[in-house]
Amino acid sequence: CYGLGSTASRLMTGNTGPYGRLEEQLRTMYSTEAALVFNSGYHLNIGILPALAGKQDLILADKLCHASLIDGMRLSLARLIRYPHLDYEAIERLFSRHRENYRQIFIVTESVFSMDGDTADLKELVRIKDRWQAVLYVDDAHGVGIRGATGCGLAEEMGVLDRIEILTGTFGKAFGGQGAFVVGTRVLIDYLLNTARSQIFTTGLPPVSVHWLCTILKQIPQMQTERTRVAELADRFRWALQEEGLRTHGSSNIVPVLIG
């Protein structure tokens with residue numbers, strides 16, 4: 001029996017039973033070694049890069065990355081270069097110029113971009129990071145739940161689920177809940193658990209919220225009909241906007257209207 005609150009941070013007394021069940025479900029769903037739940041996508045994105053990237057590292061980030069990713073990059077000690085949106089030739093040029101000068105280079109991108117509704121070519125990004133021995137960080141916040149055969153996101157849809165070092169998602173959108181998560185190797189997850197300040201120094205999620213997510217997570221893989229429906233509605237909406245003479249963009253469930 002739990003109260004409404006978790007009473008403390010997860011490293012103190014806030015690591016309730018539902019957390020363990022949820023992270024095990026995520027580990028199984030993503031066929032990965034481990035998973036770690038954060039309080040929100042913002043907590044996650046301001047915690048990961050400051051924990052991993054230091055003065056000897058370089059971050060290459062898509063120009064249109066979400067504000068929470070930008071804040072996380074600013075909090076890290078690494079140098080940051082933002083490449084033109086979806087310009088993979090520009091990434092190659094940056095690697096050619098800078099790879100030998102840095103211990104590690106992180107490529108940071110969203111999967112489905114939160115304002116433009118277009119998608120990253122994750123296969124190409126995997127090829128680039130493999131060629132240059134870099135680390136790929138993909139924020140799949142707008143892909144989880146509604147992309148991929150079992151709802152694991154755009155990375156699953158593109159067949160690169162096991163090729164991305166740092167893959168994150170949120171529970172606050174398609175899952176209709178609260179919180180966010182990162183999946184990866186056991187070494188990565190254990191390191192973040194003990195070094196990501198936005199994880200360490202905040203009270204854990206309410207047990208009822210985490211328990212709700214455990215219930216929802218069981219349903220997500222079976223919701224392919226709903227995923228298809230979302231895609232159809234987005235296509236119809238985009239077409240209707242164009243019929244009215246409005247400019248739109250993207251190829252996802254995010255449908256922007258461009259007004260100048």
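## Basis of the description

A residue is called buried when its relative accessible area is under 20%, exposed when it is over 50%, and partly exposed in between, using a 1.4 Å probe and protein chains only. The structure is a predicted model, in which local features need pLDDT of at least 70 and side-chain atom pairs count only at pLDDT 80 or more, whereas totals for chains, interfaces and linings use all residues. Residues are numbered from 1 along each chain as its sequence is written, and side-chain values rest on heavy atoms, with hydrogens and water left out.

## Overall fold

The chain holds 11 helices and 9 strands, taken as DSSP runs (H or I of at least four residues for helices, E of at least two for strands) numbered from the N terminus. Its radius of gyration, taken over C-alpha atoms, is 19 Å, close to the 18 Å that the globule rule gives for 260 residues, so the chain is as compact as a globular protein of that length; the rule itself is 2.2 Å times the number of residues to the power 0.38. Along the principal axes, the C-alpha atoms fill a box of roughly 55 × 50 × 30 Å.

Of the 260 residues, 52% count as buried. Among contacts (heavy atoms within 4.5 Å) with a separation of 6 or more, 66% come from residues 24 or more positions apart. The chain exposes about 12,400 Å², of which carbon and sulfur atoms supply 54%, with areas from the Shrake-Rupley method and a 1.4 Å probe, and for residues only the protein chains shown counting as cover.

In helix H4 (residues 67-75), the buried residues are Ser-68, Leu-69, Ile-70, Gly-72 and Met-73, and they pack against elements including helix H2 (41-45), helix H3 (48-52) and strand S5 (135-139). Helix H5 (residues 88-98) has Tyr-88, Ala-90, Ile-91, Glu-92, Leu-94, Phe-95 and His-98 as its buried residues, and their cover includes strand S2 (57-62), strand S3 (79-83), strand S4 (104-110) and helix H6 (122-131). The N-terminal end of H5 is capped by Asp-87, a side-chain oxygen of which lies 3.3 Å from the backbone nitrogen of Glu-89.

## Salt bridges

With a salt bridge defined as a side-chain nitrogen of Lys or Arg within 4 Å of a carboxyl oxygen of Asp or Glu, the count comes to 13. In one of them the side chains of Arg-103 and Asp-57 meet at 2.5 Å, N to O; this pair links distant parts of the chain, since Arg-103 is in the loop between H5 and S4 and Asp-57 is in strand S2, 46 residues apart. Arg-103 is exposed because its relative accessible area is 51%, whereas Asp-57, at 0%, counts as buried.

Arg-127 and Glu-124 form another salt bridge, with their closest N and O atoms 2.7 Å apart; because they are 3 residues apart in helix H6, about one helical turn separates them. The side chains of Asp-130 and Lys-129 also meet in a salt bridge, at 2.9 Å, N to O. Salt bridges with shared partners join Glu-92, Glu-124, Arg-127 and Arg-131 into one network.

Val-257 is placed in strand S9 (residues 257-258) and, at 35% relative accessibility, counts as partly exposed.

Note on methods. A polar contact is a pair of N or O atoms within 3.5 Å; within protein, one must be able to donate a hydrogen and the other to accept it, and residues adjacent in sequence count only if both atoms are side-chain atoms.
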